[in-house]
Amino acid sequence: MIRAFDTLSLPLLRWFDPEDAHRFALQGLKLLPVPRSRPDDDKLAVRAFGLNFPNPVGISAGFDKNAEVPDAL
């Protein structure tokens, strides 16, 4: 399934200029409704750099550098 997605989507994604793709992704996140998330299982909790996080998932530094879509992320 993933291979089929890659075969179909990667050529299309590579057609876009990186900055245009970034703007397109942010616009998509602005337009999509934010689904309610379920609480994370306590097993996923992580402590790093003296901070507690509910899970180990994060986003790339600078992806939303202007804080345009923090709730969607």
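This is a predicted model: local features need pLDDT of at least 70, side-chain atom pairs count only at pLDDT 80 or more; totals for chains, interfaces and linings use all residues.
Basis. I number residues from 1 along each chain as its sequence is written, and side-chain values use heavy atoms, without hydrogens or water. Local features need pLDDT of at least 70 and side-chain atom pairs count only at pLDDT 80 or more, while totals for chains, interfaces and linings use all residues.

Salt bridges. I looked for a side-chain nitrogen of Lys or Arg within 4 Å of a carboxyl oxygen of Asp or Glu. The count by this rule is two.

Entry one. Arg23 pairs with Asp20 at 2.6 Å, N to O. Both residues sit in helix α2, three residues apart, about one turn of the helix; helices are DSSP runs of H or I with at least four residues, and strands are runs of E with at least two, numbered from the N terminus. I checked exposure (buried under 20% relative accessible area, exposed over 50%, partly exposed in between; 1.4 Å probe, protein chains only). Arg23 is partly exposed because its relative accessible area is 46%, and Asp20 is partly exposed at 37%.

Entry two. Glu68 and Lys30 form a salt bridge at 2.8 Å, N to O. This pair links distant parts of the chain, with Glu68 in the segment after β2 (51-53) and Lys30 in helix α2, 38 residues apart. Glu68 is partly exposed at 36% relative accessibility, and Lys30 is partly exposed at 42%.

I found Phe16 in the loop between α1 (2-15) and α2 (18-31). Phe16 counts as partly exposed because its relative accessibility is 30%.
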